[in-house]
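User: Could you walk me through this structure slowly, as I am new to this?

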Amino acid sequence: MPDLIPDSSRFPSSLAPLPSEGEGNRGKGDFISASAEETRRIGAQIASELKPGDCLLLVGELGAGKTTLVQGLAQGLGIRETVRSPTFVLMHEYHGRIPLYHFDAYRIKNLEELLEIGFEDTVRSEGVTVIEWGEKTEQLLPRGCWRIFIELLPDQRRRIRVERPHAPST
Ligand SMILES: Nc1ncnc2c1ncn2[C@@H]1O[C@H](COP(=O)(O)OP(=O)(O)O)[C@@H](O)[C@H]1O
Ligand SMILES: [Mg+2]
């Protein structure tokens with residue numbers, strides 16, 4: 001799927017590739033990021049593996065770097081617009097090789113709020129849906145999603161653990 005590979009001139013391949021899905025490594029990936037820029041590059045690498053219809057849950061405390069990772073995902077999907085947190089509007093939509101629907105469930109009090117803005121349609125669409133605080137929306141997710149856990153470490157570092165969907169998403 002060469003059309004999904006990010007423009008390598010914009011994303012230097014200084015990072016190791018995502019761990020392969022070979023023996024003992026299926027569905028797993030673990031990174032240490034030392035900076036926001038590195039977190040964006042990791043996001044762009046993840047984007048190179050995404051297919052229409054994929055969904056990703058981002059799990060991590062406030063300030064962990066979820067929105068920063070989405071900025072990288074967006075770059076990797078060829079989106080030129082600036083990605084900002086959708087904390088107050090709950091969802092932003094961007095247009096690249098694949099449409100990107102960026103949700104933030106931090107402020108929601110109940111899942112109705114997401115249903116009202118069409119969450120179920122976007123998650124079943126041919127776009128990519130990414131959800132910050134995605135663990136709050138598990139009940140609404142109809143199929144295997146990527147799960148990305150971001151953990152704060154000392155010195156601005158982050159541990160980013162990537163779990164691929166266990167089953168095909170289509
Ligand atoms: N290694 C890193 N990865 C991600 N963000 C980092 C890192 N180091 C520092 N930061 C900073 O931490 C903040 C993360 O904010 P943000 O991405 O909005 O978090 P969240 O969406 O999880 O609340 C940003 O200001 C970013 O510049
Ligand atoms: Mg955020």
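Analyst: Let me begin with a term: a residue is buried if 20 or more other C-beta atoms, placed from the backbone, lie within 10 Å of its own, exposed if 12 or fewer, and partly exposed in between. This is a predicted model, in which local features need pLDDT of at least 70 and side-chain atom pairs count only at pLDDT 80 or more, while totals for chains, interfaces and linings use all residues. Residues are numbered from 1 along each chain as its sequence is written, and chains are lettered from A and ligands numbered from 1 in the order in which they are written.

User: Okay, is aspartate 155 buried or exposed?

Analyst: Aspartate 155 counts as exposed, because it has 5 C-beta neighbours inside 10 Å. Its place is in the loop between strand E6 (146-152) and strand E7 (158-163), where helices (H or I, at least four residues) and strands (E, at least two) are DSSP runs, numbered from the N terminus. Aspartate 155 also has a positive phi of about 60 degrees, although it is not a glycine.

User: And what about tryptophan 133, buried or exposed?

Analyst: Tryptophan 133 counts as buried, because it has 20 C-beta neighbours inside 10 Å. It lies in the loop between strand E5 (128-132) and strand E6, and it too is a non-glycine residue with a positive phi, of about 60 degrees. As background, most residues other than glycine have a negative phi.

User: Let's zoom out: how many helices and strands does the protein chain have?

Analyst: The protein chain has four helices and seven strands, and read along the sequence they follow the pattern β-α-β-α-β-β-α-α-β-β-β. Of its 170 residues, 40% count as buried.

User: Which residues have the most contacts inside the largest nonpolar core?

Analyst: They are Leu73, Leu100 and Ile148, in a core of 37 residues; a nonpolar core is a set of buried Ala, Val, Leu, Ile, Met, Phe, Trp, Tyr and Cys residues joined through C-beta atoms within 7 Å. Among the elements that each supply at least two residues of this core are H1, H2, E5 and E6.

User: What does isoleucine 148 touch?

Analyst: Leaving aside its neighbours within four places in sequence, isoleucine 148 is in contact with Leu56, Leu57, Leu58, Val59, Leu69, Ile160 and Val162, where contact means that the C-beta atoms of two residues, placed from the backbone, lie within 7 Å.

User: Why is H2 called largely enclosed?

Analyst: H2 is largely enclosed by the rest of the structure because ten of its eleven residues are buried. Those buried residues include Lys66, Leu69 and Leu73, and what covers them includes H1, E2, E4 and E5.

User: Which strands pair with E5, then?

Analyst: Four bridges join E2 to E5, which run parallel, and E4 pairs with E5 in the parallel sense over five bridges; two strands pair if DSSP finds at least two bridges between them. Histidine 102 stands opposite valine 130 in E5, and cysteine 55 stands opposite threonine 129 in E5. Both faces of E5 are covered, with Val128, Val130 and Glu132 on one side and Thr129 and Ile131 on the other, all buried.

User: Last one: which residues are closest to ligand 1?

Analyst: The closest are Thr39, Gly65, Lys66, Thr67 and Thr68, among 19 residues that surround ligand 1, a residue being near a molecule if its C-beta atom, placed from the backbone, lies within 6 Å of it. Helix H1 (36-47) and helix H2 (66-76) each supply at least two residues of this shell.
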